Amino acid sequence: MSALNLGDLKVKDVVWPATHDSATNDIGIPFITRPFAQCQTLSIYDQLTAGVRAFDIRVDNHQHVCHGILRSYKVDVVINDIKRFMSETKAEIILVEFRTEYGYADPPNFDTWLIQQLGQLLVPQDPVVFDKVLKDLLPARVICVWKPNKTPAPSPGSPLWSSGFLKDNWTDTDLPETKFDANLKFLGEQAPNSSRKYFYRVENTATPQTSSFVLDVYSVTNRIRKFARLFLSQAFKKGFGDRLQIFASDYIEADFIDACIGVTVSRHTQTSE
C-alpha cells in the first residue's frame with residue numbers, strides 16, 4: 001500500500017483490502033470451538049503489515065472481541081496493534097469499523113473510550129473526506145466507524161463515523177455462486193464512487209449454515225476465496241468497476257491484497273490520463 005501515490009489519489013478512488021471478522025485469530029478453543037468462528041489467523045498488526053487497510057471488529061458489552069456467542073481477547077489488543085503500526089509508519093491510512101455484535105448490549109461509553117485511545121489519529125466524520133486526496137488527511141490516519149446496537153450513533157463532526165457511512169449487503173449463504181452473483185447484483189445497484197458519500201463493502205466470503213454437514217469456517221469460505229480476482233474482473237466487465245471500494249475476505253492472503261492494489265493503481269491511472 002505504501003507504493004500508492006498519496007499526492008493525487010483520492011479516498012474514494014482506493015479499493016481498500018479488507019478482512020471480515022478481522023480480530024478472530026485467537027477466538028474460541030483450538031480444535032473445539034475455534035473452527036466454527038475463526039475467520040482470520042493473523043493478528044490485526046500482522047494483517048496491517050501484510051497490506052490490509054479496512055477491518056471489521058465486533059465487540060460485546062465487556063469490550064471483548066467476539067463472533068456470535070464466542071469471545072476472544074479484549075479490544076485493547078486491537079487498539080494496541082493499530083497504535084504500534086501507526087508508530088512504525090508515516091502515511092498509511094486505515095478504515096476500521098467497531099460494532100456491537102448482534103445479541104449484546106453496547107459496551108458502556110465505548111465511543112468516548114475509542115476517542116481517548118486513538119486521539120489525533122482519528123479523521124473526523126465529514127462527507128467531504130471522500131473527495132480529498134489521501135495526503136490531505138495527514139496527520140490523521142484512522143477513519144473509525146462506530147456502530148452501536150442501541151446507544152446513539154456518532155453525530156456529524158464527531159471524531160468517529162456513524163454506520164451510515166459504511167454500507168454493505170450481506171447474503172448469508174454457504175454457496176459460492178449464490179454469494180458471488182448477489183455481490184455483483186448489489187454492487188451494480190450502488191452509485192459510482194464519484195457521487196457516493198459512503199463507503200461500500202463487498203465481502204468475498206461464504207458462511208456455514210446449520211442445515212449443512214460442513215460447519216467449519218475455513219472449509220466453507222474456501223469455496224469462494226479463489227474467485228476474488230474473477231469477481232473484480234466481472235465487476236469491470238459489467239460496468240461496475242467505478243463502484244468497487246472495500247473488498248473483504250476471510251483468511252486474508254497476499255494475492256487478494258495485490259489484486260486490490262492492482263485495481264486501485266489501474267483505475268487511478270486511467271482516471272489521470
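Which residues of helix α3 (residues 110–118) are buried? They are F110, W113, L114 and L118. Buried means under 20% relative accessible area, with a 1.4 Å probe and protein chains only. This is a predicted model: local features need pLDDT of at least 70, side-chain atom pairs count only at pLDDT 80 or more, and totals for chains, interfaces and linings use all residues. Residues are numbered from 1 along each chain as its sequence is written, and side-chain values use heavy atoms, leaving out hydrogens and water.

**Helix α3**

- Helices are DSSP runs of H or I with at least four residues, strands are E runs of at least two, and both are numbered from the N terminus.
- Seen down the axis of α3, the buried residues fall within an arc of 110°, so they line one face of the helix.
- That arc is taken from the directions between the helix axis and the C-beta atoms.
- An α-helix has 3.6 residues a turn, so residues three or four places apart point the same way.
- The buried residues of α3 pack against β2 (54–59), α2 (76–88), β5 (94–100) and β6 (142–147).
- Contact here means heavy atoms within 4.5 Å.
- G119 follows α3, and its phi is positive, near 45°.

**Nonpolar cores**

- A nonpolar core is a set of buried Ala, Val, Leu, Ile, Met, Phe, Trp, Tyr and Cys residues joined through side-chain atoms within 4.5 Å.
- The largest core has 52 residues.
- I57, V78, F98 and V142 have the most contacts inside this core.
- Helix α7 (residues 254–272) gives the largest share of the core, six residues.
- Beyond four places in sequence, V142 touches I82, M86, I94, V96, L118, L121, L122 and V123.
- A second, separate core has 22 residues, including V14, A18, I93 and F165.
- In soluble globular proteins, nonpolar side chains tend to be buried together.

**S72 in strand β4**

- S72 lies in strand β4 (residues 70–74).
- S72 is buried, at 12% relative accessible area.
- Leaving aside neighbours within four places in sequence, S72 contacts A23, D26, I27, H64 and V65.

**Cysteines**

- The structure holds zero disulfides, a disulfide being a pair of cysteine sulfur atoms within 2.5 Å.
- C39 is in no disulfide, and the nearest cysteine sulfur, that of C66, is 12 Å away.
- C39 is buried, with a relative accessible area of 1%.
- C260 is also in no disulfide; the nearest cysteine sulfur, that of C39, is 17 Å away.
- C260 is buried, with a relative accessible area of 0%.

Terms used. Buried means under 20% relative accessible area, exposed over 50%, partly exposed in between (1.4 Å probe, protein chains only).
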